[in-house]
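Take a look at the backbone and the loops of this protein. A few residues there deserve a short tour.

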Amino acid sequence: MQEPIWIGMLGLGTVGGGTLHILQSRAEDITRRLGRPVKVKKVLVRNLQKPRSVPVDAELLTDNPADILADPEISIVVEVMGGIHPALDYLETALKAGKNVVTANKDLMAVHGQQLFDLAAAKELDVEFEASVAGGIPIIRPLKICLAGNRIEVIKGIINGTTNFILSKMTSEGSDFADVLKEAQELGYAEADPTADVEGLDAARKLAILASIGFNSRVTLDQVYVEGITGITARDIEYAQQLGYTIKLLGIAKESEGQVEARVHPAMIPSQHPLATVQDAFNAIFVKGDAVGETMFYGRGAGDLPTGSAVVGDIIDVARNIINGHTGRIACTCYHEKRVKPIGQVECCYYLRLLVTEKPGVLASIAGVFGDQGVSIQTLIQKEQIESAAEIVLVTHHVREENLQKALQILATLPTVEAIGNVIRVEKD
């Protein structure tokens, strides 16, 4: 048998454990696929004594990164430790030492992907990162390779399982956000500090990666507009259903006329849209290309084995390139420099819930404010009486965000408008 392709792993947490389990359990099949075995030589961990979720030979474990980064036999470094530092430093060192990289690190790729690609290109090495977005769902490689003959027009998806679980439960049970968040934490779907998930930051990192690949132009995390789900109420979900919509936290990226929009926020989508039926902690990514039309990628977006599956797929791909002497064949595809629109220039439809004084002329004054700012109302419904006030719900036609925000600023000053209950974007396509 030929000499193994040796890999070193940085990290052995949830994803690392799943990756190691798949490499061990599928070792014979991987060898048959490649004609050479792929073996783990060292695994970097913080605590050598910590109990592990998967069986691992103690001799494989090290707390010294140099045992991996300086070992000339290791040709693939697999980073599954998460965070930006020291992961970035380790991967830069690995690339400079001539080692290929596989990573599941969305934070790192969303912020520092470009410098890793530049280092890899200079050395003709691979940087693979399928597991950084949507766990076990194949989406990076389809965008880069399978759909390369398309001009991608839209990438729209549910790319955070925690928020989808919360909104799915709120929709099916009529529960409040705080109650479902507590349940999600008890079930392990949400962290003790759920900020990154519920405020949309996790999804924003993934969207930056997807938009960069889909539109062949670098989109950085700070260019993604982000809004979380903490303001969504059971009342909004009920009204959405009455209007024929379902509320989801969506990552939305669009390209038209050489300009890109990238945004993460709660959105109402038609209840018959495929994304509206995605429940629990599942992810789904809807892609529209000019040639292929509409496609959707669906599955588990997190977890040890789903994410480990994506990592191992990348390892096999890199190993095959090493065997055939073709590492570095698919370089960074961000060869355009497209302008990313600020949120104020994005056009959308909007749902608004207002609490207004119950007296003649109120609706006319609201309509007048909207008309002055170029906001056209498509639907307006008076929902119910709350003491001396009336709650109204309206949906606008397409309008530029900055125009709507100006109208809302003026509405907030009207004595007849007691409260602006909520504003949610409506994605009708």
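**A walk through four loops**

Leaving aside residues up to four places away in sequence, Thr333 touches Lys144, Ile213 and Asn216. This is a predicted model. Thr333 sits in the loop between α12 (304–324) and β13 (339–340). Is Thr333 buried or exposed? Its relative accessible area is 17%. Buried means under 20%, so Thr333 counts as buried.

Most residues other than glycine have a negative phi. Ala134 is buried, with a relative accessible area of 1%.

Now step back along the chain. Which loop holds Glu124? Glu124 is found between α5 (106–123) and β6 (127–128). Here, too, phi is positive: Glu124 has a value near 55 degrees and is not a glycine. Is Glu124 buried or exposed? The relative accessible area of Glu124 is 57%. The cut-off for exposed is over 50%, so Glu124 is exposed. Ala134, by contrast, is buried at 1%.

The last stop concerns a peptide bond. Most peptide bonds are trans. The bond from His85 to Pro86 is cis. Its omega is near 10 degrees. Where does Pro86 lie? Pro86 is in the loop between β4 (74–79) and α4 (87–96).

Technical notes: Residues are numbered from 1 along each chain as its sequence is written. This is a predicted model: local features need pLDDT of at least 70, side-chain atom pairs count only at pLDDT 80 or more; totals for chains, interfaces and linings use all residues. Side-chain values use heavy atoms; hydrogens and water are left out. Helices (H or I, at least four residues) and strands (E, at least two) are DSSP runs, numbered from the N terminus. Buried means under 20% relative accessible area, exposed over 50%, partly exposed in between (1.4 Å probe, protein chains only). Contact means heavy atoms within 4.5 Å.
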